[in-house]
Structures are given as structure tokens and as C-alpha cells.
Amino acid sequence: MKLKAFRIRNFRSIVDSGWNYLAYDNITALIGQNESGKTSVLEALYSFYNGKISDDILRSDMTFPIVNCTFILEGEKLADLFNSAEIPEPIREKFLGKEELTLIREWKADRSSIISIGDEDILEYYLKKEEEKRSFELVVQNEITELINRADTIISEMQLAEQEQLDARNEMNHWQLQLENVKRTLKKARNADTRSNLENEYDTIQKTYIQKEQQFAAKQKKFEEKKQLTQEISEKVTVAKKCLDAIENTRTALNDLDYLGKQLKEAEHIYEIFTNEKEKKNALQKLEKLHGEYHRIRKIYSECQEKEILQKLLTDKVFKGQNYKAAEAEALTEIQNDKKILSPEDFGTILLKYIPVFDFFEDFSSLLPNKIDLEDILLENEHTEGFKAVKNFLVIAGLTSDFFREKNHRILKQKIENLNGEITIDFQDYWRQNVGKDNKIRLNFELEHYDYTEPEKSGKPYLEFWIKDRQERLYPKQRSRGVRWFLSFYLELKATSIQNSVKRILLIDEPGLSLHARAQEDVLKVFEDLKGSMQIVYCTHSPHLVDVNKLYRVLAVQRADENDENSESVILDSKSLPEASTDTLSPIYSLMGAKVNEQQFIQQKNNIIVQDTVTYFFLQAMSEIFNLNKSVHFIPASGINGIQTLANILTGWRLDFYILLFGNGELKKAAEDIRNSHFLSDPKSADKKIKVFDDIASVENLFSTIDFKRYILQKRVGITESNSDYIITNELSRTLLASGFISHIKEHNISFEDFDEDTRRNFSELFNAIQSMIE
């Protein structure tokens with residue numbers, strides 16, 4: 001995979017960087033002032049990879065970092081990385097067909113983090129599932145509330161029915177007793193009238209009793225129905241109450257977790273401010289105890305969440321009529337099946353194994369030692385001083401442990417001598433500096449054995465390293481800081497590129513600070529040579545570490561408010577560089593000047609002085625693709641005063657020159673002054689030597705509006721004024737526009753015929769006029 005873009009939020013001064021894209025050719029430079037946030041970008045990318053953050057990166061508003069990275073798949077097939085059965089069916093085809101994917105790492109209050117897939121089309125499925133889950137939980141919650149309210153009503157109704165049944169029974173029993181009393185009295189009665197009256201009374205009481213018996217039967221039936229209903233709902237009520245308990249337990253665990261999180265922050269703050277050793281030790285013990293308790297409660301919280309999910313599923317199924325055991329078995333099966341399906345976090349964890357390794361280059365973590373015991377190399381003793389650098393050295397030399405098992409000492413020495421030559425040649429391809437006029441340094445290593453001066457190691461082999469020149473043979477530690485840095489840098493990058501079984505992204509903070517300008521350009525040469533085997537992201541202030549012809553590699557980092565160092569950091573891509581401040585772009589401005597100074601453009605003849613470096617760059621670029629019949633040498637002045645100065649210098653050197661200017665006013669007056677001072681006695685020669693296009697405000701106006709937008713602005717905008725006026729009105733940097741133009745025509749191999757008719761005509765007339773001048 002290859003890192004395509006990143007987005008950083010809540011990381012030191014960066015609130016939200018937005019999406020930023022790395023250069024397609026694997027070299028990306030971050031430029032900007034001190035404290036702009038450049039290093040924060042590198043650290044955020046490194047934290048994305050290793051998951052670690054420190055307290056000093058947290059913002060004062062205590063928002064926690066989020067870092068997104070998008071990767072391009074290069075030959076990898078997602079179907080080979082995943083079991084398709086574990087991918088949710090609705091997104092399976094979409095996911096497996098992806099050519100790039102995004103990962104998100106988010107940090108929590110306890111400094112732990114989760115990494116998950118961040119592609120919107122994939123997350124859309126999970127967000128929908130989450131919404132369905134919330135809807136389901138809301139339904140279950142409402143059903144529980146409704147059930148408990150209904151249960152209370154049903155119980156009350158059953159209790160009332162039970163009382164009514166009891167009252168009806170008592171009343172029925174009362175009339176039954178009355179009926180039996182009358183019946184006994186009737187049996188004893190002998191008088192006819194008495195018997196007649198008793199029989200009438202008996203019939204009346206019997207009718208009342210039958211009525212009461214029927215009423216009791218109705219009340220009893222009603223009670224049995226209410227009792228049955230209560231029994232039926234009691235199981236649901238029990239399940240519902242267990243569900244409510246599970247919800248409450250989760251809520252309690254979450255509150256405990258939040259409370260402990262606040263205590264942790266307070267304890268960490270106290271630990272940081274203590275300076276007394278005893279106080280710091282006590283604070284550390286408390287901190288460690290709180291960490292242990294926090295992790296214990298977090299585990300309880302996770303268990304409570306799982307129980308809550310189970311109880312909600314179980315409750316829903318019981319409410320729908322399933323018996324408890326069947327519902328529980330089905331709920332457990334569903335949970336187990338869900339666990340087999342990958343979550344966004346599962347996707348992230350798996351994909352993290354296949355992304356490139358992010359390496360943060362530490363300047364002096366891998367310095368070459370003066371010597372190292374061969375035993376430490378063979379035993380892979382990583383704690384030995386300089387082990388990493390020696391290992392890198394041997395990788396570059398192509399050596400393994402078998403090499404040192406050669407028994408013939410003479411043959412071994414010869415092989416080492418040959419390797420020293422090869423390594424030196426390779427190193428000198430990158431390090432072009434000389435010690436003196438023509439004295440390049442050489443790298444050497446030798447296999448030696450301890451003598452009697454170290455009796456405990458006597459006879460044991462060790463490797464000894466030298467950095468030599470013609471005059472001196474010095475140990476690495478005796479060389480300058482710049483040489484030592486570059487050697488460490490060379491060994492690390494070269495060895496990494498050789499061991500390219502794992503793709504890497506190298507993050508470098510301010511490479512080559514201790515190096516001379518020429519040596520800094522050597523650093524850029526190393527980048528260029530190794531970009532095929534790794535991606536490189538670095539931050540710099542140096543103009544010598546930025547390629548002016550490849551500004552698409554540049555990301556500018558600056559504060560949103562230049563006058564407030566506490567304002568948030570913003571990142572501008574190459575197309576937005578004109579919006580960056582002058583201080584932010586100082587490496588590019590310096591570089592444009594430096595590149596001009598390096599040109600071999602002052603010749604014996606056909607030298608043409610132009611008014612500034614921007615005019616020089618545009619004319620130089622267009623003349624190369626126009627294919628002038630005669631060789632001309634444009635020389636940039638530094639404004640109006642510089643024109644007269646250059647004319648004086650070239651006259652003093654007896655070199656032929658011409659002057660080509662655009663605009664009127666002061667420039668036209670400057671041309672007139674030179675005419676009077678240099679060609680007063682030869683006005684015809686002045687007419688030929690000095691050409692002022694006073695109807696053209698600046699060189700940018702030679703381009704048609706369409707070409708100005710297409711090749712210089714490189715965006716679609718509405719322009720109703722001249723190109724030069726548009727630049728002034730919108731406060732654009734002419735230097736950056738010129739640099740972007742050069743990069744664009746080189747990158748896309750633009751030819752003269754690619755420009756439209758108006759542009760071709762304007763430049764053809766200009767270059768024909770130039771050729772007429774120098775004939």
C-alpha cells in the first residue's frame with residue numbers, strides 16, 4: 001500500500017488540517033516558520049502508526065486527536081487479506097473491489113486508541129446498522145415501560161377481582177346458611193300455616209342463593225382470568241426487570257469510568273508538577289493504582305455492555321411470545337454470529353498489519369561507532385552502542401555472519417578492502433563535499449583482534465570503523481557533526497531501501513540542519529535516488545531541500561493568524577501556495593534567487609537584461625520550448641535600479657548586452673537613462689540594443705486569458721481584466737506563479753503548440769524581435 005493523503009484533528013496546534021495529499025512521486029516537503037506546526041504533522045502521522053501519544057500533544061480544550069490516512073492499494077488484493085464470509089454481505093462486493101481505503105485512529109481519555117476503517121461508503125452500512133440498533137433499543141425500552149405499567153394495572157385488577165370473589169363467596173355462604181336454617185325449621189314445623197310461610201320463605205331465600213351462587217361463579221371466573229393474565233405477564237416482567245438492571249449496571253459502570261478518567265487526569269497533572277523525588281514517587285504509586293482501577297472498571301463496563309445487549313435481545317423475543325429458554329438460546333446464537341462479522345474496528349486492526357511501516361528518523365540514534373565486537377553482531381545484541389548503524393553498514397555491504405567465518409585471514413582482508421572501495425564509491429555518489437580542494441572522504445572498516453592490553457577479550461575479533469581523507473584517518477566520533485549526521489542518514493536510508501520487503505514511509509524532521517548548503521542538496525539527491533523504494537515526508541526551512549521545479553511536492557504549514565502563535569495551524573497545498581505568507585514561503589523565494597545565481601547565463605555575447613527574476617523565468621521557459629534560432633542568455637535584474645547596475649557591470653567587463661523591458665513609467669525612464677549614459681553618441685545602436693514594450697504591463701500579459709488560467713493559475717476563474725491586473729487585485733505571488741508554471745510545463749511536457757493562437761502569436765512576435773535585435 002502507499003499513503004495517498006492524511007487528515008489531522010486536535011493534535012497540538014492543528015484543529016483540523018483538512019485532507020492533504022502527498023506528492024505522487026513519493027517525496028513531500030513541509031515548509032513553514034518555527035512553531036507553525038510542521039513537526040506536529042510528522043508526529044501525528046507517526047502516532048497514527050504506533051498508536052502512542054504524550055500529554056504535550058493534547059490541546060487545552062482536552063479534545064483528543066483523530067488522524068485519518070488514505071492508502072492506495074498497489075498490487076494487493078483485499079480478497080487475499082480477508083475471509084469474505086466475515087464481511088457483511090451488503091458491503092462485501094463493494095469492499096473487495098476497492099482500489100484505495102481510509103483508516104481512522106481516535107484516542108480516548110485514558111490515552112488508548114481505536115483504529116477503524118474510515119471509508120464513507122463502508123461506514124454508511126455500519127451507521128445504518130447503528131441507527132437500526134438504536135431504534136430497536138428504543139422500541140424495547142418503550143415496550144418495557146408499557147409492560148411494567150400494564151403489569152401494575154393487571155395486578156391491581158387481579159387483586160380487586162380476588163376481593164370481589166371473596167365478597168361474593170361470603171355473601172353466597174351467608175345465603176346458603178340462611179337456606180339451611182329455614183330448611184331445618186321447615187322439617188320441625190307441624191302447623192300448616194307455619195309450614196306454608198316457611199316454604200314461601202325457603203323459595204325466596206333459594207332464589208337469592210342461586211343468584212348469589214351465579215354471582216360468585218362469575219367473580220371467580222373473572223379472578224381466574226386475571227390470575228392467568230398475571231401469571232402470563234410475570235415472566236415478561238421478570239425479563240424486563242433484568243433488562244432494566246442490565247441497563248442500569250452499564251450506566252453505573254460508565255459513570256464510574258468517567259469519574260476515574262477525571263481522577264486520572266488530575267493524578268497525571270499532580271505527578272507532572274511535583275519535583276520532589278518522594279512526592280513524585282507517591283504520586284506515581286497513586287497514578288499506577290488509578291490506572292489499574294480504570295482498566296478494571298473498563299473491563300466491567302465492556303461486560304455490562306455485552307449483558308445489556310443479550311438482555312435486550314432476550315426481552316424482545318420473550319415479548320413476542322417465545323419461552324425464556326428458547327429465546328435465550330436464540331439471542332446467544334445471534335450475538336455469536338454478529339461477532340463473526342467484521343466491525344469497522346476489526347477491519348482497521350487487520351488492515352493496519354498491511355500498511356507501510358512509518359519510520360521517524362532520529363538524527364543520532366544510529367551513529368556509526370569507532371568499533372564493535374564481532375560477538376555482539378553475531379548475537380544480535382541490539383543494546384550495544386552503534387549496533388543499528390553497524391547493521392545498516394553491513395546490509396549496504398551485502399555482508400552476513402557467514403562472511404566473518406572465512407578462516408584464511410589474507411583472503412578476508414582482501415575482501416574487506418574491496419568492499420571498502422565499493423561502499424566509498426556508493427557513499428561519494430551522495431556526499432559530494434571535499435575536504436580541501438579535491439579531497440573526498442572515504443569509509444573504511446577493518447577486522448581486528450584484541451591484544452594483551454585487554455586480557456579479558458584478548459584474541460577476540462572486532463570491527464573497527466574509519467572515515468578517512470588524504471591527510472587524516474579518524475574515527476567516526478572525531479568527524480564533524482555534519483559528516484556524522486549525513487553518514488547516519490545515508491546508512492539508515494540506504495539499508496532501508498535494500499531491505500525493501502516491507503514498504504516504508506520515512507518521516508524526517510529538519511534533515512541536514514548541521515550541513516552546508518551543498519551538502520543539503522546531497523540530502524535531496526538521496527531522497528531522489530531512494531524514492532522508488534519508500535515514501536519520504538520531511539519538514540524544512542532550507543531552500544536547498546526544496547526543488548523549485550517540483551512545487552507539487554510542497555505543503556506549506558502556517559498559523560491561521562500570523563500574529564498569533566496560539567492560533568491554529570493550517571496546511572496549504574501547492575495550488576494554494578499563493579495564499580501563504582511571505583515568511584512561510586521564504587525557502588521558495590530564497591531558492592528562486594539561488595537558482596538564478598547558479599545559472600551560467602552571462603556570456604561573451606547575446607546577453608539580454610530583463611527587469612526581474614519572474615520575467616527571467618517566464619522568458620527562459622518559453623524560449624526553451626519555442627526553440628530560438630540563436631542562443632540568447634537572459635539576465636535578471638533586481639528591479640529598476642538593478643538594470644543600470646547590470647549594464648554598468650557588463651560594460652566594464654566588455655561584454656555585449658541588450659535590454660528588454662515590459663511596462664512604462666519608471667521602467668521606460670530607466671531605459672532612457674541607460675540610453676543617455678551608455679549610447680548617447682550612438683542613438684542608432686541604442687535603438688537596437690534597448691527594447692521597451694510599453695504597451696505590455698508585464699510578461700504575464702503575453703499569455704492569453706485562457707492560457708493564463710490553464711498554465712499559470714491552473715484553475716478556472718472568471719477574469720475581466722488583464723492578467724497583470726488580476727495578479728495585483730488578488731494579491732498573488734508572481735514568483736510562485738512563475739515557479740508553478742515551470743513545474744507544470746515540465747511535468748506535462750507542454751510544447752509551444754499546446755498554447756492557443758493568441759499566446760503563440762505574442763511570444764512569436766517577441767522572440768522574432770529578440771532575434772532581430774541580436775542579428
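Glu528 counts as partly exposed at 24% relative accessibility, where partly exposed covers the range between buried (under 20% relative accessible area) and exposed (over 50%), using a 1.4 Å probe and protein chains only. Its salt-bridge partner is Arg553, with N and O 2.6 Å apart; a salt bridge here is a side-chain nitrogen of Lys or Arg within 4 Å of a carboxyl oxygen of Asp or Glu. The two sit in distant parts of the chain, 25 residues apart, with Glu528 in helix H13 and Arg553 in the loop between S14 and S15. Helices (H or I, at least four residues) and strands (E, at least two) are DSSP runs, numbered from the N terminus. Arg553 is the buried end of this pair, at 4% relative accessible area. Through shared partners, salt bridges join Asp25, Glu528, Lys531 and Arg553 into one network.

A quick word on the ground rules: this is a predicted model, so local features need pLDDT of at least 70 and side-chain atom pairs count only at pLDDT 80 or more, while totals for chains, interfaces and linings use all residues. Residues are numbered from 1 along each chain as its sequence is written, and side-chain values use heavy atoms, with hydrogens and water left out.

Gly532 is in the loop between helix H13 (517-530) and strand S14 (535-540), and at 74% relative accessibility Gly532 is exposed. The C-alpha atoms of Gly532 and Asp25 are 8.1 Å apart, although 507 residues separate the two along the chain.

The salt-bridge count comes to 37. Here are three of them:

| Pair | N to O distance |
|---|---|
| Lys222 and Glu164 | 3.5 Å |
| Lys477 and Glu385 | 2.5 Å |
| Glu528 and Arg553 | 2.6 Å |

Take Lys222 and Glu164, which form a salt bridge. Lys222 lies in helix H5 (residues 192-273) and Glu164 in helix H4 (residues 120-188), so the pair ties together parts that are 58 residues apart in sequence. Lys222 is partly exposed at 33%, and Glu164 is partly exposed too, at 22%.

Then there's the salt bridge between Lys477 and Glu385. That pair links distant parts of the chain, 92 residues apart: Lys477 is in the loop between strand S12 (473-474) and helix H12 (481-498), and Glu385 in the loop between helix H9 (374-378) and H10. Lys477 is partly exposed, with 44% relative accessibility.

H10 (residues 387-397) also holds Asn392. Asn392 is buried, at 9% relative accessible area. Setting aside neighbours within four places in sequence, Asn392 is in contact (heavy atoms within 4.5 Å) with Leu491, Glu492 and Ala495.

Another buried residue is Phe679, at 11% relative accessible area. Phe679 is in the loop between helix H17 (666-678) and helix H18 (683-689). Beyond neighbours within four places in sequence, Phe679 touches Phe657, Ile674, Ser685, Ala686, Lys689 and Ile690. For Phe679 and Ile690, eleven residues apart along the chain, the C-alpha atoms are separated by 9.9 Å.

On the surface, Asp561, Glu562, Asp564 and Asp583 gather in a patch of negative charge. Patch members have over 30% relative accessible area and no salt bridge, with like charges joined within 9 Å and nonpolar side chains (Val, Leu, Ile, Met, Phe, Trp, Tyr) within 5 Å. Asp564 is in the loop between strand S15 (554-559) and strand S16 (569-572), and counts as partly exposed at 30% relative accessibility.

Key
Accessible areas come from the Shrake-Rupley method with a 1.4 Å probe; for residues, only the protein chains shown count as cover. Lys and Arg count as positive and Asp and Glu as negative; His and the chain ends are not counted. The place of a charge is taken as NZ of Lys, CZ of Arg, CG of Asp or CD of Glu.
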